[in-house]
Amino acid sequence: MQKIIFLLVSILSGLCLDAQSLSGNITDSVSHQPIEDAAVYFPQLKTGARADLQGHYHIDIPKGTYQVEVEMLGYPTVTKTVRVDSDAHFNFMMSVAATTSKEVVITALGNATTTRRAPVPVTVVPHEMLIQQSSTNVIDAIALQPGISEISEGPGISKPVINGLGYNRVLTLFDGERQEDFQWGDEHGILIDPYAVYDAEIIRGPASLQYGANAVGGVISFKSEPMAENGTIRGSFQSEYQTNNGLIGNSVNIGGNHNGFVWDIRGSYEEAHCYSDPKDGYVWGTAYNQGNVRASIGWYRDWGYSRISVSALHRQIGVPDGERDSATGRFVFDVPLNAQYNANGQYIPGTGQIFPTRSNFLSYSVDISGYQILNHNTAWWQTSVNAGRGKIGIDIGFSESVRHEIDSGTVPEENMTVYDIPYSLKYQLEDAQTGLKLTTGINGMYEFMKNGAEPPSPYVGDFEIPDYHLFDLGAYAILQKDFKNLTLSGGVRYDFRSIVGQALYLSNYGTSSQAEVPAGTPGAYTQFPAFNEKYNGVSASIGASYQLPKDWYIKLNFAKSYRAPAINELTSNELDPANVFKQGDPNLKPEQGYEGDLGLGYHGKDVSLELDGYFNYIHDFIFPARIQSSLGGDSIEQGAPVYKYGATTAWITGVSAYFNIHPRVAKWIEIDNGFSYTYSFLPGQTDSTQHVPFTPAPRLTSEVKFKLPTGHTFLSQLYVKFGLAHYWSQSVIYSALYNELPSEAYTLYNIGIGTNFIDPKTKRVYCTLVINCTNLFNIAYVDHMSRTQYFVGYNPTAPGNPSAFGPAAGVVTQTSQGIYNMGRNVGFKLIFPFGGGVGRNRAPDAGVNLPD
């Protein structure tokens, strides 16, 4: 890998040519005075510049047509399309506004466009919003956006859900790179450093055209911080502490830009002990830690640009199992610490430590019992080369995702390594005069996985899915036409997938003498049969948006989606860390979806709102459901209930909305509200099986922010905010065999305060302080999307229990038996920027968007 990167750097260094320059002046539309420190940003290039004291800006960029944003505190964002063929001059005029809400350029849809002109609902999560809140992981940070929710297994493990769809139906990107790190599982979250995320774009609807079958539900595109301005070196140090689970997080970043040669380096580390809830106190098995080092270098030249990014992430995370003492309900170790065993490997009752102590709960060590070690290493090369009036984009990456699952001690029972080589070749043409935008190309990935060897006795190996090779190839074309008020967009895509799985046979299955054996061995258990499947399908979309009079707009989109079955849905045959035995079905067919989206929005001077509705019909919808044994009741395998993947027709519909108030006559207050509702239905099923499992509960969020005056002091952009999140009860469930339980309604209250500490004369920001309190009144609650509410087991160390590796799982029949969500949590953030550009010399992530 080092030789490859060195070769790429050598080749690209030889291509360095002078870029074109774009310059101009930024002024107030009323006073015509220059606007110092206004930011000119090119989202497609991830670079920009700031205006000097005279409002003049200058930036060197490659030839091409670009969407450009001009931003400044107290002004609405100005968006324009500019064409740069040679050195050019372009002036911008800005008008004062009462709100920080803005029309922004989005790039996740393939063709660069704006949020109002996009035919499908798109949410932009700005940097200020991420900074002003406390979260436990990168998905938790965006989970309160309209239409978004999360499936969680404790504070360190979350998977995104968009409009009721998750797992392999939602694609997560970081700087354009696919996150294929065990996307199919419950028990491992998205492996992205939260401190490396600057902002995010969320496509709330089918995005298969650009990204393929894994984006039928939508796309979450996380982005790192924009590159430094030319001639500068800038960075920041961020430190964070949270009281509930003792989270300690630190991250340092530094980057520079010298005549188009850009570089950036970040290092982060965070750790947390077990969290606490009002019902049980500290919850055993929820500690975690994570470290990440990432770096990127790039070139911006006349011919285009090229960037290389590398990252190494290590996560060690506990897996809560809900094991309790039947008499007291206290959490217990599933395997007693320092226990003794007889010659047959059976536990000797009464030996070892059964109950976690306070020091165990407050320990930052994650290697006591029941934990995972996850490593995610990536390299990513992105290049754009000018070709006439268009440009050719070439992306290729490599990722290695390693997973070790350890029940006790230090020997993993499950070892998996997944390798991914994603690739993309596309041509983009954008004509500023005609408003025509075209993106066409091919993309996909080659993926292969290898299970580790059987661990030494007395440990028993777990093999969830077989060794396999997967190849995805898709060809697509997306065309967009912008008129004065009307935008038309449409496209088509063809996908092909080949997946080959290897057979696995085990002797002495499920015992300490278990071993891998060749085919034909007498008495061998078939863990996985060999298989070879090929799938293909077509996706298509057509949509429009129209800018109505008086700041209203409307959107309409129809999409046909396609998704091939994932490897776990086809082949699963093992107990997972959640004490659930899952079985795949190799006969599953691809999902075929048909979705309509309709949106109505308004962006006025005092109010901003948008209401989006959708209906999604999915044929051969795949999901796991608990199955019944031939004798009645649950089917049990290795002491755990069995869930088998099956398929049926599904209807998923709902609405999401936001309503934000930012009055011109009272610029010191902002009120933001969001709403999400999803309903699912499986036609032709019984009352207990007629809804899609884990349909999110209806939710209302509301936040009031007061911007406090600071005068000519050492404080700037001081604010206080109060918020709530109300979740209605959820009875739209798949209740058969206790697959799912109804959830109760609850309301969480939050409060926060933040400010910048500045030099009163120069306005330079020295430090940003943010304090947030979530679940202010310490409410005991269970989120409907929390998997840990179903984790329970009793007396694993009772006399006569021969198991050395944990007990049989219990079946949760009422919410109070499971694990509750986190109680009150107070988070503190300190950010120290350094370096920077012209004007006030403020680092890009220095503060929150509030006027003095």
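**Close-up views of a predicted model**

**View 1. Val-40 and the residues packed around its position.** Setting aside residues up to four places away in sequence, Val-40 touches Ile-26, Thr-47, Gly-48, Ala-49, Tyr-57, Val-68, Glu-69 and Val-70. This is a predicted model, so please read each view here as a computed picture. Val-40 belongs to strand E2, which covers residues 39-42. It counts as buried because its relative accessibility is 1%, and the cut-off for buried is under 20%. One of the residues touched by Val-40 is Ile-26; the two are 14 residues apart in sequence, and their C-alpha atoms are 9.3 Å apart in space.

View 2. Ala-39 has Glu-71 in E5 as its bridge partner.

**View 3. Strand E48 and its two antiparallel partners.** On one side of the story is strand E47 (residues 746-758), which pairs with strand E48 (residues 765-774) in the antiparallel sense over eight bridges. Ile-753 stands opposite Ile-771 in E48. E47 and E48 form a hairpin, with six residues between the two strands. In the turn, Lys-763 has a positive phi of about 65°. E48 also pairs with strand E50 (residues 825-835), again in the antiparallel sense, over seven bridges. In this pairing, Thr-768 stands opposite Ile-831 in E50.

**View 4. Ser-656 and its polar contact with Arg-204.** Ser-656 is found in strand E43, which spans residues 640-661. With a relative accessibility of 2%, Ser-656 counts as buried. The side chains of Ser-656 and Arg-204 make a polar contact at 2.7 Å. Not counting residues up to four places away in sequence, Ser-656 touches Pro-146, Gly-147, Arg-204, Glu-610, Leu-611, Asp-612, Phe-675 and Ser-676.

**View 5. The largest nonpolar core, with Tyr-468 among its members.** This core has 29 residues, and Ile-465, Tyr-468, Ile-499 and Ile-567 touch the most other members. The elements giving two or more residues to it are strands E25 (304-318), E29 (414-431), E30 (436-451), E31 (468-482) and E36 (531-547), together with helix H5 (567-571). Leaving aside neighbours within four places in sequence, Tyr-468 is in contact with Val-418, Glu-447, Phe-448, Met-449, Ile-499, Val-500, Gly-501 and Ile-567. A second, separate core holds 26 residues, including Leu-45, Ile-59, Ile-61 and Met-94. As a general background, nonpolar side chains in soluble globular proteins tend to be buried together.

**View 6. The whole chain, for orientation.** Stepping back, the chain has five helices and 50 strands. Of its 852 residues, 60% count as buried. Among contacts between residues at least 6 apart in sequence, 68% join residues at least 24 apart. The chain exposes about 31,800 Å², and carbon and sulfur atoms supply 60% of that area.

Definitions and conventions:
Residues numbered from 1 in each chain as written. Predicted model: local features only at pLDDT ≥ 70, side-chain atom pairs only at ≥ 80, totals over all residues. Heavy atoms only, no water. Helix = DSSP H or I, 4+ residues; strand = E, 2+ residues; numbered from the N terminus. Buried < 20%, exposed > 50% of the residue type's maximum accessible area, 1.4 Å probe, protein only. Contact = heavy atoms within 4.5 Å. Areas by Shrake-Rupley, 256 points an atom, 1.4 Å probe, with all protein chains shown as cover. Pairing = 2+ DSSP bridges. Polar contact = N/O pair within 3.5 Å; in protein donor to acceptor, adjacent residues only side chain to side chain. Core = buried A, V, L, I, M, F, W, Y, C linked by side-chain atoms within 4.5 Å.
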